[in-house]
Amino acid sequence: MSVRELVVLGTASQVPTRHRNHNGYLLRWDGEGILFDPGEGTQRQMLRAGVAAYDINRICVTHFHGDHSLGLAGVIQRINLDRVPHPVAAHYPASGQRFFDRLRYATAYRETVALSQEPVSGDGAVLARTAAYTLEARRLSHPVESYGYRLIEPDGRRMLPEKLAAHGIKGPDVGRLQREGQVNGVTLHEVSEARPGQRFAFVMDTRLCDGVHALADGCDLLVIESTFLDEDEQLASDHGHLTAGQAARVARDAGVRHLVLTHFSQRYSDADDFERQARAAGYEGELTVAKDLWRVPVPKRT
């Protein structure tokens with residue numbers, strides 16, 4: 001059975017707290033797992049969340065600040081220790097190659113897994129095309145080079161039972177029609193309708209910029225930083241971050257179905273304030289103020 005969900009491993013920003021680990025997020029997308037921004041302590045959080053090294057097919061790093069990347073060393077070594085049987089791809093800003101190299105070879109270990117280094121440069125780059133999704137990257141606005149990531153499922157067709165019945169299409173012929181496009185003179189388009197593919201985006205440390213809006217556009221699930229509350233908007237801009245209200249307005253204008261706020265500054269003790277400000281900004285969709293070890297399902301197709 002296919003599973004599409006976000007496993008939240010950590011939600012803190014620069015400084016972890018008693019209740020929030022440094023960043024870490026695993027997106028389960030059918031049979032694949034994409035690990036985003038493994039911060040310090042990610043390996044232990046994986047254990048607590050029931051995530052195995054075998055679950056990781058790709059690693060995507062937005063930028064090389066420690067709370068988003070210091071866990072790389074442990075995760076890469078764990079992948080090799082467990083002899084993960086499939087190749088793993090790593091995506092990260094090309095300008096941070098020296099940091100990736102240092103983390104990959106931070107200590108001695110035996111390499112047993114094919115880890116391909118696929119750095120990101122430019123804007124709007126397509127990083128991978130598979131049967132299940134296209135993975136893209138967009139440039140963000142932060143003091144160091146930073147990218148957000150977007151996963152797009154190919155559009156498909158939704159079968160319409162009443163039209164199948166009207167044309168006498170049933171049983172194995174339904175699958176044959178989907179594969180071949182025509183059965184007994186009946187075409188796929190006559191008994192189905194377009195079904196837009198699902199979209200997921202991951203947006204970390206950034207000010208408001210074109211890349212944020214492009215990544216969020218039409219997303220079923222948007223994971224986005226909201227490091228600061230709205231009263232600290234100037235501080236957020238100075239340090240290259242978003243507020244809860246800014247993130248919510250992005251989601252509102254982009255038609256996001258489920259908004260996940262995360263990457264919270266340790267200065268705030270009441271997580272409910274982030275939800276209140278997001279709602280005050282006009283976002284009316286499903287909203288999650290993330291907590292460590294939570295699971296957030298990708299909304300079912302409409």
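Colleague: Which residues of helix α3 are buried?
Modeller: This is a predicted model. Helix α3 covers residues 72–81. Its buried residues are L72, A73, V75, I76, I79 and N80.

Colleague: Which residue just after α3 takes a positive phi?
Modeller: The phi angle in question is about 50°. Just after α3, the residue that adopts it is R83.

Colleague: How much space lies in the largest pocket, and which residues lie nearest its centre?
Modeller: The space in the largest pocket comes to about 350 Å³. Its lining has 18 residues, and by class these are 4 nonpolar, 11 polar and 3 charged. Helices α2 (66–69) and α8 (233–239) each contribute at least two residues to this lining. Nearest the centre lie S13, Q14, F228, H239 and H241.

Colleague: Which residues lie nearest the centre of the second largest pocket?
Modeller: The second largest pocket has a volume of about 260 Å³. Its lining divides into 4 nonpolar, 5 polar and 4 charged residues. There are 13 lining residues, and those nearest the centre are T17, R20, Y268, S269 and D270.

Colleague: Is the pair of F36 and F202 stacked or edge-to-face?
Modeller: The ring centres of F36 and F202 are 4.6 Å apart, with the planes at 25°. The pair links distant parts of the chain, since F36 is in strand β3 (residues 32–36) and F202 in strand β14 (residues 199–203), 166 residues apart. Both F36 and F202 are buried. Because planes under 30 degrees apart count as stacked, the pair of F36 and F202 is stacked.

Colleague: What are the geometry and the burial of the pair of F64 and Y92?
Modeller: With centres 6.0 Å apart and planes at 70°, the rings of F64 and Y92 form an edge-to-face pair. F64 is in the loop between β4 (58–60) and α2, and Y92 in the loop between β5 (88–91) and α4 (97–104), 28 residues apart. Buried means under 20% relative accessible area. F64, at 14%, therefore counts as buried, and Y92, at 0%, is buried.

Colleague: Which residues form one aromatic cluster?
Modeller: F36 and F202 are a stacked pair. Both belong to one aromatic cluster, formed by Y25, F36, Y149, F200 and F202.

Colleague: Over the ring of which residue does the charged end of R4 sit?
Modeller: The charged end of R4 is 4.1 Å from the centre of the ring.

Methods:
Residues numbered from 1 in each chain as written. Predicted model: local features only at pLDDT ≥ 70, side-chain atom pairs only at ≥ 80, totals over all residues. Heavy atoms only, no water. Buried < 20%, exposed > 50% of the residue type's maximum accessible area, 1.4 Å probe, protein only. Helix = DSSP H or I, 4+ residues; strand = E, 2+ residues; numbered from the N terminus. 1 Å grid on protein atoms, 1.4 Å probe; cavity = no way out; pocket = protein on both sides within 12 Å on 5 of 7 lines; lining within 4 Å. Points joined across faces, edges and corners; volume = space filled by probe spheres on them. Nonpolar A, V, L, I, M, F, W, Y, C, P; charged D, E, K, R; others polar. Phe/Tyr/Trp six-rings, centres within 6.5 Å; stacked < 30°, edge-to-face > 60°. Lys NZ or Arg CZ within 6 Å of the ring centre and 35° of its normal.
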